[in-house]
2 protein chains.
Amino acid sequence: MARKPATKPRKSASQQRSRATVEALVEATARILVKEGFDKASTNRIAEVAGVSVGSLYQYFPGKEALVAAVIQRHQQEIRQAVQSELAEILALPLEPAVRRLVAIAVRAHRVDPKLHCVLAEQIPRIGRLAEAARFDPENFTLFRTYLERHREEVRVDDLELAAFICVTAIEALTHNAVLHYSKMLSDDRMEALIDEGARLITGYLKD
Amino acid sequence: MARKPATKPRKSASQQRSRATVEALVEATARILVKEGFDKASTNRIAEVAGVSVGSLYQYFPGKEALVAAVIQRHQQEIRQAVQSELAEILALPLEPAVRRLVAIAVRAHRVDPKLHCVLAEQIPRIGRLAEAARFDPENFTLFRTYLERHREEVRVDDLELAAFICVTAIEALTHNAVLHYSKMLSDDRMEALIDEGARLITGYLKD
DNA sequence: GCAGAATATGAGCGATCATTCGCTTTCGAT
DNA sequence: ATCGAAAGCGAATGATCGCTCATATTCTGC
């Protein structure tokens, strides 16, 4: 039975010393990903930067993929923590303020750790085990779909599925591009303008 | 003086035999990229698939990057050929038909060789020499910007730069996502619906 | 303070990669 | 038919990678 390389920790750390080792490894992986890119993140290099031996690395992670997966999970959790509190109340809001808040949230999510987000979004191979781990969309898509269903009356579209696809794709791309490739936009009032225009794009499409 | 790995052919082929070799190498690179991904595209493997020795490969290409760059160039040229004839007349069209044609063109561009386009967009490392080569946006952005300037009167936006950024980003992301991740959308009338909705998204934003 | 479990080490193995170079084959002009 | 140039070849080199394992160190419960 051919065993594929797993993505989960090989064993869990019980002492505080080993927990520190694990933390150092994940942190080192993130630092290398941001500063030198995915290719340069070899297990040897990660261990070196973490100030730990390769052997120790393999005690807790079955391979490079698992390290990267851990970084992705940590990043996603940071984003969720910075965002999740607002989601519930948005569902009850009318269209325009809801959309504006959603766009603002998307921008904020992208600003948690922009460089890391960039690497995760653009350099992580989209094949193999990491393909799904690096993809956030489903969550956002479902959320937006739910909102549209609950506010079906206020909205001027037939195909909610298609509409959700269009809105989520547009918002995601807008914030992603803005944060990652035009980060000058983000300082001061330029960001406000971006949020305004993004919100106008979506509301204009939904209520016409 | 440290020489960085170039992206240009080492020497140009003069006989037809060698031109066939070069063609076979580029074709093999594209095939491997599509079927097995960027990682598996090693120089040895490319030469093998092309039915050519590694030595010959290095006669015409200084390295792997140059091969991939050649594939990108070829793909971009194919897209341009399938599209460029229409661009001139669009500039003279009024807003709604112009936007609709632009969206339709974007979809068509993404359908020239979807799988290759997917690999080029999502698997090619965004660092190093290939970063810029794989990016089409500037061209589209400039084109759209030009259109907005000429039709400044018909449009309800102040910041043309920002508006162009938003429109191009949205269209690009929409077609990209649709073609690459929901290709079922593309058959039959679903694609028409996508084009309609995409056009409505943009025109709704521009004229409100 | 002691035993055993947990943790850490790093040289080294085998695989793979990009790249080179001495050599052979083929082409084109005479 | 001949010869120099162009094209092609592929074993070999050295670098790098992921990963293992025999060994050494540290911690924890008693």
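Me: How are α1(B) and α2(B) oriented to each other?

Reply: Two packed helices are described by the angle between their axes and the distance between the axes. In this predicted model, α1(B) and helix α2 (residues 43-50) of chain B pack at about 115 degrees, and 8 Å separates their axes. Angles of 65 to 115 degrees count as roughly perpendicular, and α1(B) and α2(B) are therefore roughly perpendicular to each other. The crossing in which α1(B) passes α2(B) is right-handed.

Me: Which residues make the contact between α1(B) and α2(B)?

Reply: From α1(B) come B:Ala24, B:Leu25, B:Ala28, B:Thr29, B:Arg31 and B:Ile32, while α2(B) contributes B:Arg45, B:Ile46, B:Val49 and B:Ala50. By class, the contact of α1(B) with α2(B) holds 7 nonpolar residues, 1 polar residue and 2 charged residues.

Me: How should I read the surface near DNA strand D, and which element gives the most to it?

Reply: One may look at the contributing elements, then at the residue classes. α3(B) gives the most, with 4 residues. At least two residues each are supplied by α2 and α3 (54-60) of chain A and by α1 (16-36) and α3 (54-60) of chain B. Of the 23 residues around DNA strand D, those that come nearest are A:Ser42, A:Gly55, A:Gly63, B:Thr21 and B:Gly55. The classes of this surface are 14 polar, 6 nonpolar and 3 charged residues.

Me: How many residues does each chain bring to the contact between chain A and chain B?

Reply: Chain A brings 21 residues and chain B brings 22 residues. On the side of chain A that touches chain B, α9 (160-181) and α10 (188-207) of chain A each supply at least two residues. The largest share of that side, 7 residues, belongs to α9(A). The side of chain A that touches chain B comprises 10 nonpolar, 6 charged and 5 polar residues.

Me: Where in chain A does pLDDT stay under 50?

Reply: Where pLDDT is low, the predicted coordinates should not be read in detail. In chain A, pLDDT stays under 50 over residues 1-8, for which the model has 10 contacts beyond four places in sequence. For chain A the average pLDDT is 87, and 88% of the residues score at least 70. Among the elements of chain A, the highest mean pLDDT, 97, belongs to helix α2 (residues 43-50), and the lowest, 70, to helix α7 (residues 130-133).

Notes. Residues numbered from 1 in each chain as written. Chains lettered and ligands numbered in written order. Predicted model: local features only at pLDDT ≥ 70, side-chain atom pairs only at ≥ 80, totals over all residues. Contact = placed C-beta atoms within 7 Å. Nonpolar A, V, L, I, M, F, W, Y, C, P; charged D, E, K, R; others polar. pLDDT = per-residue confidence, 0-100. Near = placed C-beta within 6 Å. Axes fitted to C-alpha atoms, helices over the stretch in contact; angles between N-to-C directions. Parallel < 35°, antiparallel > 145°, perpendicular 65-115°, else oblique. Left-handed = near helix turned anticlockwise from the far one by under 90°.
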